[in-house]
Amino acid sequence: MERWIKKHLPRLVSELSPCRNCPVANTEKVANLPGQKAVVEQLENLVGILFPGCHGHAPVASESAEGVLRRLLASTARQLRDQIQRAFAYQCEVEHCADCGSCREQATAAVITLLDQLPAIRSILQEDIVAAYEGDPAARSTMEIVMSYPGLYAITVQRLSHALYQAHVPLIPRVMGEHAHARTGIDIHPGAQIGPGFFIDHGTGVVIGETAVIGRRVKLYQGVTLGALSFAKDAQGHLIKGIKRHPNVEDNVVIYAGATILGGETTIGHDSVVGANVWLIHSVPPFSKVYNQEPKPYIKPATAKPSKKPAGRKQR
Amino acid sequence: MERWIKKHLPRLVSELSPCRNCPVANTEKVANLPGQKAVVEQLENLVGILFPGCHGHAPVASESAEGVLRRLLASTARQLRDQIQRAFAYQCEVEHCADCGSCREQATAAVITLLDQLPAIRSILQEDIVAAYEGDPAARSTMEIVMSYPGLYAITVQRLSHALYQAHVPLIPRVMGEHAHARTGIDIHPGAQIGPGFFIDHGTGVVIGETAVIGRRVKLYQGVTLGALSFAKDAQGHLIKGIKRHPNVEDNVVIYAGATILGGETTIGHDSVVGANVWLIHSVPPFSKVYNQEPKPYIKPATAKPSKKPAGRKQR
Amino acid sequence: MERWIKKHLPRLVSELSPCRNCPVANTEKVANLPGQKAVVEQLENLVGILFPGCHGHAPVASESAEGVLRRLLASTARQLRDQIQRAFAYQCEVEHCADCGSCREQATAAVITLLDQLPAIRSILQEDIVAAYEGDPAARSTMEIVMSYPGLYAITVQRLSHALYQAHVPLIPRVMGEHAHARTGIDIHPGAQIGPGFFIDHGTGVVIGETAVIGRRVKLYQGVTLGALSFAKDAQGHLIKGIKRHPNVEDNVVIYAGATILGGETTIGHDSVVGANVWLIHSVPPFSKVYNQEPKPYIKPATAKPSKKPAGRKQR
């Protein structure tokens with residue numbers, strides 16, 4: 001090993017050194033990039049601010065709860081600003097801005113926007129928690145939901161990252177969203193607009209696209225997709241970015257596991273129910289119940305050993 | 001940033017301070033809550049006790065294996081008892097117990113119950129490992145299964161958390177289960193009853209509900225749901241909690257990817273096979289083979305460039 | 001607790017001490033096993049070498065980028081060699097080799113093979129990044145893809161672990177692959193052969209088997225399975241390991257969410273499109289478009305409150 005290191009490392013280093021012609025790592029200023037771990041650390045701090053003492057190793061001591069909160073808010077503000085400034089500076093470089101003098105001010109403004117929304121976000125999350133408790137017979141207490149439900153974690157991160165998305169912060173909202181996706185299997189784009197009282201049960205495999213708009217008290221199960229039907233292209237054949245391509249889901253809709261709803265012009269009217277595994281690419285009016293024709297799997301009678309139940313019994 | 005912090009932080013802190021009227025963080029005793037990280041740490045210790053040297057950075061040195069085990073068992077017992085005591089105390093407060101004098105004793109009893117079951121749990125897990133090795137052509141060794149298979153990790157955590165669930169420990173079994181869910185995409189409620197020789201291959205998207213009962217040598221693939229068909233409500237329209245709502249799966253059943261089996265009165269008879277993507281809400285007798293009618297996707301002949309194979313060839 | 005520990009711990013320790021008759025932990029040399037955390041740490045170092053400064057807490061300072069790279073390469077080489085040597089030694093013991101004298105040389109050779117491939121792997125990953133940018137309207141910059149897209153992370157880990165798989169390293173490629181699976185919900189076996197320009201969007205629930213062969217510029221969505229149709233067994237009824245059992249996907253194929261393609265003799269001809277949820281177990285020629293008959297869910301007209309849209313409206 002040591003011989004190989006001595007002999008071949010210099011060549012390998014020069015082959016791997018940041019190259020100027022490749023789409024990534026093509027910048028000398030790579031040191032200025034936001035760090036994923038730093039972003040996730042600040043995200044966890046924000047979650048800790050919203051739910052004091054409910055996560056993490058060392059719960060807050062009650063007598064100093066306000067002091068802890070003050071310190072946590074101030075340090076999160078400073079460090080998140082630093083990361084966001086790096087993200088603006090990166091964007092500035094990619095877009096060949098004349099001058100990045102405003103990156104610091106933009107970053108400060110974005111952080112203030114987020115922090116000012118925290119009380120409102122917590123209040124919306126309370127409605128999400130109540131929706132989970134009332135929607136899941138397995139839930140024993142609201143604290144169980146706060147401490148363990150992946151659906152609540154995913155929507156908490158989405159509501160936080162959505163505030164930064166609205167403030168046009170590059171990179172960081174998506175890093176936050178993909179952290180939640182990695183942890184929960186729930187992939188909600190930071191751009192989605194989601195009303196209060198939102199509950200996702202189980203959640204693995206859920207995909208909610210950037211331009212989806214979801215009303216109040218909506219309930220989803222695992223594997224639901226609110227996705228794009230097709231992608232518009234420009235004259236050069238490149239995808240057009242930023243147009244509405246994901247569905248609208250109105251108030252009080254329930255969507256069961258594995259249903260797929262696609263298209264920016266598709267609206268699920270309020271108080272509708274969409275059954276499991278339904279494939280839906282057109283709008284349905286309010287109070288609809290959308291179900292697949294009842295599937296009739298073929299049940300082959302026992303061969304290895306005859307069962308006492310009538311042979312050829314079919315699934316109704 | 002600093003100006004904003006100085007001016008606005010006090011207001012934000014007071015808006016975010018633990019509130020008395022909201023469903024979470026409505027307690028001065030939040031400091032007594034179990035910590036997720038502490039619970040996960042003890043869970044990892046338990047896994048390390050079951051599979052010594054197979055996980056983690058620093059494998060056990062063979063000459064002191066018993067000493068390491070002794071130290072690990074004692075420290076896990078003490079720390080897990082502390083976390084469980086917090087969980088009982090939280091429950092006690094939520095339910096307005098007159099007095100929580102017994103939380104410590106209850107916690108000690110629960111930990112002892114779990115530890116006493118460890119040899120039996122390890123022996124059942126050996127059968128799970130053998131089932132994985134014999135059920136997966138990609139498995140090269142049993143150690144590969146122990147070190148990397150998500151299905152084994154999920155069932156290991158479930159067997160541990162199930163012991164605490166049976167001892168009526170609040171919060172903690174679900175925190176353990178959701179940790180495994182986050183890591184594996186496999187969501188098994190700690191309440192489920194699962195026989196030995198259980199193997200889940202790939203696993204992402206599997207959901208097994210609280211009241212499911214699974215026999216011996218059952219094999220599942222990714223995306224299988226053993227779920228509830230509907231939720232019973234009481235006269236006030238609230239969900240009734242704690243009733244049997246998930247299926248029974250008898251011995252030697254194989255359930256292929258994406259199958260959905262629902263309902264507390266649904267029983268899959270022993271030695272049955274349930275095909276991929278089947279939707280099943282009624283019981284089937286032993287030795288059944290349940291398949292969807294063979295799907296016939298429409299295959300549009302090549303348009304961009306004719307293929308040499310006969311046009312209009314259909315999928316059989 | 002303390003009384004129980006004093007009285008019962010010795011018995012529990014002896015019951016749990018590494019046993020000679022069970023399929024795991026049946027060796028005194030357990031101390032020689034590779035550690036999962038150590039393997040994952042070296043994997044993250046390799047990812048950091050490929051994308052300098054794009055991941056992790058402390059980005060590389062530009063002035064010393066080459067120095068950091070040199071140090072990181074040398075330390076990764078040494079530590080990965082140590083882990084791989086343990087894996088070869090474990091395999092040697094399992095297979096009752098006469099002598100494990102060559103484990104160290106085999107490990108050194110495997111590490112050199114991997115390191116020598118790093119420049120080529122990075123160059124292929126650049127094509128993957130471009131494919132993601134051109135294939136996803138939500139992608140704002142290539143850096144967003146590098147920093148947050150689970151599909152890129154999964155294919156990065158697969159390309160690295162595939163090099164070790166080809167060098168016949170036991171245990172470690174699969175530990176790396178399952179780390180990526182845990183983080184992304186994308187389960188790609190290290191054995192799969194995958195061409196450049198590969199993009200998986202969203203990704204949760206994707207399964208790609210050991211013997212799959214995928215061409216250039218292939219695009220998959222969440223929940224796609226490239227799996228085995230059935231397992232061949234030998235005369236004793238044991239699974240035969242190592243035969244071709246997963247499909248071939250030729251260049252420029254797009255496979256939409258939830259499609260299942262099975263079997264080692266199934267080939268998806270180049271430039272084909274496989275629609276969402278399609279179930280395919282036979283080959284299709286180049287330029288095919290494979291879709292399910294358009295599903296027609298039943299839409300029950302509003303009952304609770306009549307909608308103004310025509311009653312009985314059906315999904316087309």
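**Entry 1**

Angles under 35 degrees count as roughly parallel, over 145 as roughly antiparallel, 65 to 115 as roughly perpendicular and the rest as oblique. I note that axes are lines fitted to C-alpha atoms, for helices over the stretch in contact, with angles from 0 to 180 degrees between N-to-C directions. Helices (H or I, at least four residues) and strands (E, at least two) are DSSP runs, numbered from the N terminus.

The crossing of H1(A) past H3(C) is right-handed. A crossing is left-handed if the near helix is turned anticlockwise from the far one by less than a right angle, and right-handed if clockwise.

Which residues meet here? From H1(A) I listed A:Glu2, A:Ile5, A:Leu9, A:Leu12, A:Val13 and A:Leu16. In H3(C) they meet C:Glu66, C:Leu69, C:Arg70, C:Leu73, C:Ala74, C:Ala77 and C:Arg78. Contact means heavy atoms within 4.5 Å. I sorted the residues of this contact into nine nonpolar, no polar and four charged. Ala, Val, Leu, Ile, Met, Phe, Trp, Tyr, Cys and Pro count as nonpolar, Asp, Glu, Lys and Arg as charged, and the others, Gly among them, as polar.

**Entry 2: what I am reading**

This is a predicted model: local features need pLDDT of at least 70, side-chain atom pairs count only at pLDDT 80 or more, and totals for chains, interfaces and linings use all residues. Residues are numbered from 1 along each chain as written, chains are lettered from A and ligands numbered from 1 in the order written, and side-chain values use heavy atoms, without hydrogens and water.

**Entry 3: a helix pair inside chain C**

Next I took helix H2 (residues 36–50) of chain C, which packs with H3(C) at an angle of about 150°, the axes 10 Å apart. That makes H2(C) roughly antiparallel to H3(C). H2(C) passes H3(C) in a left-handed crossing. The contact residues divide into eight nonpolar, six polar and one charged.

**Entry 4: sheets that span chains**

I traced an open sheet of six strands in the order S15(B)-S14(C)-S12(C)-S9(C)-S6(C)-S3(C), with mixed pairing. Strand S15 (298–300) of chain B and strand S3 (199–200) of chain C are at the edges, each with a single partner strand, so one side of each has no neighbour in the sheet. Two strands pair if DSSP finds at least two bridges between them. S3(C) pairs with strand S6 (residues 219–220) of chain C in the parallel sense, over two bridges. There C:Phe199 is opposite C:Lys219.

I found another open sheet of six strands, ordered S3(A)-S6(A)-S9(A)-S12(A)-S14(A)-S15(C), also with mixed pairing. In it, strand S12 (residues 273–274) of chain A runs parallel to strand S14 (residues 289–291) of chain A, joined by two bridges. A:Val290 is the bridge partner of A:Val274.

**Entry 5: how the copies relate**

What rotation superposes chain B on chain A? I noted 120°, with 0.0 Å of shift along the axis (RMSD 0.0 Å). That is the relation of a three-fold axis. Copies are superposed by least squares on the C-alpha atoms of residues with pLDDT of at least 70 in both.
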